[in-house]
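Colleague: I would like to go through this model feature by feature, with the rule stated before each case. Shall we begin with charged pairs?

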Amino acid sequence: MDLSITLATASILGLILLWLSSRVIGGRVQGEVLIGDGDDQALIFKIRSHANFTEYVPIFLIILAGLELSGGHRLALIVIAAVFVVSRLLHVAGMGPDANLKPRQAGTIGSFTCIGTASLYGLYLGLMG
């Protein structure tokens with residue numbers, strides 16, 4: 001059993017994390033803020049987008065890897081992983097002082113749905129395995 005779906009998903013999410021990190025760094029440089037947010041609303045949203053990403057991605061990847069190792073259905077895992085990646089991007093698109101809240105809401109719902117679905121599937125495989 002390999003972890004190719006988890007590896008591909010983690011790799012995509014890793015690139016997104018680099019992008020989010022570079023936005024925070026750029027905001028800090030532009031606002032000359034070494035620590036904290038400097039009360040800069042745009043920087044606060046960038047920091048929170050980055051932080052929120054790092055809060056949800058690890059548990060999803062852990063569960064995804066467990067599902068793969070436990071023989072989870074390959075196509076189902078690919079779909080769940082793809083929806084999770086798109087959901088995380090939607091969440092970022094909906095963050096900002098002037099952003100439309102709809103993508104953020106869709107991203108949150110999508111992320112929660114993926115983590116919840118994967119968790120329930122993992123519970124099923126773990127108990128029935």
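Modeller: The count comes to one salt bridge, where a salt bridge is a side-chain nitrogen of Lys or Arg within 4 Å of a carboxyl oxygen of Asp or Glu. Side chains of opposite charge can pair when their charged atoms come close. This is a predicted model, in which local features need pLDDT of at least 70 and side-chain atom pairs count only at pLDDT 80 or more, while totals for chains, interfaces and linings use all residues. Residues are numbered from 1 along each chain as its sequence is written, and side-chain values use heavy atoms, with hydrogens and water left out.

Colleague: With which residue does Glu 55 form a salt bridge?

Modeller: The partner of Glu 55 is Arg 48, and the closest N and O atoms are 3.4 Å apart. For burial, the classes are buried (under 20% relative accessible area), exposed (over 50%) and partly exposed in between, with a 1.4 Å probe and protein chains only. Glu 55 is partly exposed because its relative accessible area is 45%; Arg 48, at 37%, is partly exposed as well.

Colleague: How many helices and strands does the secondary structure come to?

Modeller: Helices (H or I, at least four residues) and strands (E, at least two) are DSSP runs, numbered from the N terminus. The protein chain has four helices and zero strands, running α-α-α-α from the N terminus on. Its C-alpha atoms fill a box of roughly 55 × 25 × 20 Å along the principal axes. Of the 129 residues, 33% are buried.

Colleague: Next, aromatic pairs. How many does a search of the whole structure find?

Modeller: A pair of aromatic rings is described by the distance of the centres and the angle of the planes. Rings of Phe, Tyr and Trp (its six-membered ring) pair if their centres lie within 6.5 Å; planes under 30 degrees apart count as stacked, over 60 as edge-to-face and the rest as tilted. The search finds two aromatic pairs. Tyr 56 and Phe 112 make a tilted pair, with 5.7 Å centre to centre and 40° between the planes. Tyr 56 lies in helix 2 and Phe 112 in helix 4, so the pair ties together parts 56 residues apart in sequence. Tyr 56 is partly exposed at 24% relative accessibility, and Phe 112 is partly exposed at 47%. Phe 60 and Phe 84 form a stacked pair, 4.0 Å centre to centre with 10° between the planes. That pair links distant parts of the chain, since Phe 60 is in helix 2 and Phe 84 in helix 3, 24 residues apart.

Colleague: Is Phe 60 buried or exposed?

Modeller: Phe 60 counts as buried because its relative accessibility is 0%. Phe 84 is buried too, with a relative accessible area of 0%.

Colleague: Which residues is Asn 52 in contact with, leaving aside its neighbours within four places in sequence?

Modeller: Contact means heavy atoms within 4.5 Å. On that basis Asn 52 touches Arg 88 and His 91. Asn 52 is found in helix 2 (residues 41-69) and is buried because its relative accessible area is 12%. Across the protein chain, 67% of contacts between residues at least 6 apart in sequence join residues at least 24 apart.

Colleague: Now the loops. Where is Ser 70 found?

Modeller: Ser 70 is in the loop between helix 2 and helix 3 (74-93), and it is partly exposed at 46% relative accessibility. A polar atom of the Ser 70 side chain lies 2.9 Å from the backbone oxygen of Gly 66. Another loop, between helix 1 (4-31) and helix 2, holds Glu 32. Glu 32 has a positive phi of about 55° although it is not a glycine, and it is exposed at 73%. Asp 39 lies in the loop between helix 1 and helix 2; this residue, not a glycine, has a positive phi of about 55°.

Colleague: Which residues make the nonpolar surface patch?

Modeller: Patches are made of residues with over 30% relative accessible area and no salt bridge: like charges are joined within 9 Å, nonpolar side chains (Val, Leu, Ile, Met, Phe, Trp, Tyr) within 5 Å. Accessible areas come from the Shrake-Rupley method with a 1.4 Å probe; for residues, only the protein chains shown count as cover. Leu 120, Leu 123, Tyr 124, Leu 127 and Met 128 make a patch of about 620 Å², and Tyr 124 sits in helix 4 (residues 101-128). The protein chain exposes about 7,400 Å², with 69% supplied by carbon and sulfur atoms.

Technical notes
Polar contact = N/O pair within 3.5 Å; in protein donor to acceptor, adjacent residues only side chain to side chain.
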